[in-house]
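I am opening a page for this structure and writing down what I look up, entry by entry.

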Amino acid sequence: MVKFAVVVFPGSNCDFETERAIRKAGAEAERVWYKTSLKDFDGVILPGGFSYADYLRAGAIAARQEIMEEVKEFAREGRPVLGICNGFQILTEAGLLSGALRPNKIPRFLCRWVHLRVNDIETPFTSLYEPGEVIRMPIAHAEGNYYVDDPSKVRVVLQYSDENGNITEEANPNGSVLNIAAVANEKGNVLGTMPHPERASDRFLGSEDGLRVFRSMVEWARR
Amino acid sequence: MKWRVTVTVRLKEGLNDPEGRVIGKALKNLSYSVENLRVPKCFEFELESDNPEEEVEEMCRKLLANPLIHSWEYSIEPVS
């Protein structure tokens, strides 16, 4: 059975939900303390939370821990690397994804459901979605305002949209360039997403739309 | 040799600074004619080094700033 590591830094707090979502998607998952090693895993997930209390910049300190060298190795080898919320911030700070996540345009913590348009289904994390499909997931962040000087440096995977999939200014909660909510690297095996798929992985949570992120990833890793 | 270092990291020109906007507004509410308030970050530390300029520049690039969105400057004084 394929097995994923969920890396836990001091201050990570979505690790249990993420582990559960991966298991529900049909793979093994294990929470791994950042001081240990990532040997014997097929992919790695950096979960949400507030690693190192968001000191300096969100994700900046976690991105410079030794375990990130192993994460970079995963990325180079083409194995799946998924960063959710704080995990996305860590991936940009570590240089695994282009761009930066800046404080929200309206400077406050946003915690709410959003609509998203799936823009790229050619990644290991989105292969079970329909192109242009509109899905619902929650966001919960203060620093999710995605900035990149040249958007052609990334693959835009999810965009904040209205419920009909229109990419509008009103549907952009945090001021991100081009309403970007999730991006992937050129190969597609490294994905950063501000919306939380693990919090939308059970109908009792209000949506199951996020579960296919994990199902896609598991299916891809099995090949 | 030991040095006293002060690093200032600021958002690049043209990038929106939400914290600065809120603080500027609060000063306006106190009836000061404040405009374009920005909030740079300042780091002060002592450094043992034979090569302080090079090391501080590297620190900024590697951790203290994000080169995509920040510019930085520093002063380096010998500790007597």
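Is Arg23(A) buried, partly exposed or exposed? I looked up its accessibility and found 47%, so Arg23(A) counts as partly exposed. I note for every entry that follows that this is a predicted model.

I checked the partner of Arg23(A) and found Glu19(A), with the two side chains in a salt bridge at 3.1 Å, N to O. Both residues belong to helix 1 of chain A, residues 15–24. They are four residues apart, about one turn of the helix. Which side of the burial cut-off does Glu19(A) fall on, buried or exposed? Its relative accessible area is 12%, so I list Glu19(A) as buried, whereas Arg23(A) at 47% is partly exposed.

Asp202(A) has 17% relative accessibility and the limit for buried is under 20%, so Asp202(A) counts as buried. Lys24(A) has a relative accessible area of 36%, and I list Lys24(A) as partly exposed.

**Entry: other salt bridges**

I looked up the total next: the structure holds 19 salt bridges over all chains. One of them joins Lys153(A) and Asp149(A), with 3.0 Å from N to O. I read 44% relative accessibility for Lys153(A), which is partly exposed. Asp149(A) also reads 44% and is likewise partly exposed. I also looked for bridges that share partners, and found Lys24(A), Asp202(A) and Glu208(A) joined into one network.

**Entry: chain A as a whole**

How many helices and strands does chain A have? I count four helices and 11 strands. The radius of gyration of chain A is 15 Å, close to the 17 Å that the globule rule gives for 223 residues, so chain A is as compact as a globular protein of that length. Along the principal axes, the C-alpha atoms of chain A fill a box of roughly 45 × 35 × 35 Å. I also looked up burial for the chain: of its 223 residues, 59% count as buried.

**Entry: positive phi**

I searched for residues other than glycine with a positive phi. Asp54(A) has a phi near 60°. I place Asp54(A) in the loop between strand 3 (43–46) and helix 2 (67–77) of chain A. Its relative accessibility is 22%, and the limit for buried is under 20%, so Asp54(A) counts as partly exposed.

Asn179(A) is not a glycine either, and its phi is positive, about 60°. I found Asn179(A) in the loop between strand 9 (155–161) and strand 10 (180–184) of chain A. With a relative accessible area of 7%, Asn179(A) is buried.

**Entry: two C-alpha separations**

How far apart are the C-alpha atoms of Glu169(A) and Asn179(A)? I read 7.8 Å, for residues 10 apart along the chain. Glu169(A) lies in the loop between strand 9 and strand 10 of chain A, and I found Asn179(A) in the loop between those strands as well. Glu169(A) is exposed at 56% relative accessible area, whereas Asn179(A) is buried at 7%.

Glu70(A) lies in helix 2 of chain A. Its relative accessible area is 26%, and I list Glu70(A) as partly exposed.

**Entry: chain B**

Which residues form the negative surface patch? I noted Glu48(B), Asp50(B), Glu54(B) and Glu55(B). I followed up one of the four, Glu55(B), and found it in helix 2 of chain B, residues 52–64. At 32% relative accessibility, Glu55(B) counts as partly exposed.

Note on methods: Residues numbered from 1 in each chain as written. Chains lettered and ligands numbered in written order. Predicted model: local features only at pLDDT ≥ 70, side-chain atom pairs only at ≥ 80, totals over all residues. Heavy atoms only, no water. Patch = residues over 30% accessible without salt bridge, like charges linked within 9 Å, V, L, I, M, F, W, Y side chains within 5 Å. Areas by Shrake-Rupley, 256 points an atom, 1.4 Å probe, with all protein chains shown as cover. Salt bridge = Lys/Arg side-chain N within 4 Å of Asp/Glu carboxyl O. Lys, Arg positive; Asp, Glu negative; His and termini not counted. Charge placed at Lys NZ, Arg CZ, Asp CG, Glu CD. Helix = DSSP H or I, 4+ residues; strand = E, 2+ residues; numbered from the N terminus. Buried < 20%, exposed > 50% of the residue type's maximum accessible area, 1.4 Å probe, protein only. Rg over C-alpha atoms; globule rule 2.2 N^0.38 Å.
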